[in-house]
Amino acid sequence: MAMSFFDQFASSSCMGVPLIAIAIALPWVMYPTSTSRWINNRLITIQGWFINRFTNQLMLPLSMGGHKWALLLASLMVFLITINMIGLLPYTFTPTTQLSLNMGFAVPLWLATVIIGMRNQPTVALGHLLPEGTPIPLIPVLIIIETISLFIRPLALGVRLTANLTAGHLLIQLIATAVFVLLPMMPTVAIITAAILFLLTLLEVAVAMIQAYVFVLLLSLYLQENV
Amino acid sequence: MADKAVSLAEKRLLDVKLGQLPSWLGTRDFTPNGLLGGVRRGYERYYNKYINVKKGGIGGVAMFLVGYVALSYLWEYDHIKHDRWRKYH
């Protein structure tokens, strides 16, 4: 019985096309290109407002060099938030539950920030490995610790997104199964569990948005240090 | 009744008689470029009818998402069928 709960994360294919392909292509369809009209339609206006605000907010702490990353970070945010939110609909597949996809985003982007730091300002980038004001005896240990923490960053980025979304989907499936099983036997308990399910769904909507935001925010933070 | 006869290739799908369907399909363009063009035209039709309007509401996006849910159900039907069989023997 327990084995079946993880089957929702296997992308099933029909006629040779895996569902993950459609799920990844979907955010592209949801955001039409803005036309050259003076006033666009409501969908484009709302999306443009959101993307503008978000990019403004994200670029505030970054220097001018970091602003080159605006397009990449904004489109990454839009992509992740759309995929996470659409994954909450019934029967849909969420590509960000796959560790491969999240690592595919995290590792190259993190590596890019590190390489940019090392090329443009190697002293400052290496200086980040030793916080100011550390007592002298602690210096060797701290450098080792900071290096490890530097290399764990892409792993943490990818696994954080994967784990949050996978756990959320699993919880929803578990509690929904509990509600269905309890309904004929103990209706009051089933109703309480249904209330919990409702609250959990609200939480999942929030988590979907927050996790996408955290991913992009941390990347911009790493960029800030290095650019 | 007195209209000029339209050749089979130019008719739209709903105007084609049932017996003419195979030959009509033969005139359609099934190359990758042609399929892409068909998808693009379908997208523009939906977009211009439901979303690119002066007072578009949630209906346009909602219909699209419901269609996506239905498509996902279709894609996962095999797995769902196995789940149902396993649960109820």
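Reader: Is B:Lys49 buried or exposed?

Author: Relative accessible area decides this: buried is under 20%, exposed over 50%, and partly exposed in between, with a 1.4 Å probe and protein chains only. B:Lys49 counts as exposed because its relative accessibility is 56%. This is a predicted model, in which local features need pLDDT of at least 70, side-chain atom pairs count only at pLDDT 80 or more, and totals for chains, interfaces and linings use all residues. Residues are numbered from 1 along each chain as its sequence is written, chains are lettered from A and ligands numbered from 1 in the order in which they are written, and side-chain values use heavy atoms, with hydrogens and water left out.

Reader: Where does B:Lys49 lie?

Author: Helices here are DSSP runs of H or I with at least four residues, strands are runs of E with at least two, and both are numbered from the N terminus. B:Lys49 is in helix H2 (residues 32-51) of chain B. Its C-alpha atom is 8.7 Å from that of B:Gly60, 11 residues apart along the chain.

Reader: How should I read the contacts of B:Glu76?

Author: A contact means heavy atoms within 4.5 Å. Leaving aside neighbours within four places in sequence, B:Glu76 is in contact with A:Ser12, A:Leu19 and A:Tyr91. B:Glu76 sits in the loop between helix H3 (59-75) and helix H4 (77-88) of chain B, and it counts as buried because its relative accessibility is 10%.

Reader: What is the phi of A:Tyr91?

Author: A:Tyr91 has a positive phi of about 70 degrees although it is not a glycine. This residue lies in the loop between H3 and H4 of chain A. At 42% relative accessibility, A:Tyr91 is partly exposed.

Reader: With which side chain does A:Thr94 make a polar contact?

Author: A polar contact is a pair of N or O atoms within 3.5 Å; within protein, one must be able to donate a hydrogen and the other to accept it, and residues adjacent in sequence count only if both atoms are side-chain atoms. The partner of A:Thr94 is the side chain of A:His169, at 3.4 Å. A:Thr94 lies in the loop between helix H3 (70-86) and H4 of chain A, and is buried at 3%. Not counting residues up to four places away in sequence, A:Thr94 also touches A:Ile83, A:Asn84 and A:Gly87.

Reader: How do helices H6 and H7 of chain A cross?

Author: Axes are lines fitted to C-alpha atoms, for helices over the stretch in contact, and angles between N-to-C directions run from 0 to 180 degrees. The axes of H6 (residues 139-185) and H7 (residues 187-226) of chain A come within 9 Å and cross at roughly 170 degrees. Angles under 35 degrees count as roughly parallel, over 145 as roughly antiparallel, 65 to 115 as roughly perpendicular and the rest as oblique. H6(A) is therefore roughly antiparallel to H7(A).

Reader: Which residues does A:Val114 contact?

Author: Beyond its neighbours within four places in sequence, A:Val114 is in contact with A:Leu150 and A:Asn226. A:Val114 belongs to helix H4 (residues 99-120) of chain A and is buried at 15%.

Reader: Which residues of chain B does the "transmembrane region" annotation cover?

Author: UniProt positions are given in the numbering used here, feature names are shortened, and annotations may be inferred rather than shown by experiment. The unreviewed UniProt entry puts it at residues 56-75 of chain B. That span is 85% helix and 0% strand, with its end C-alpha atoms 30 Å apart.
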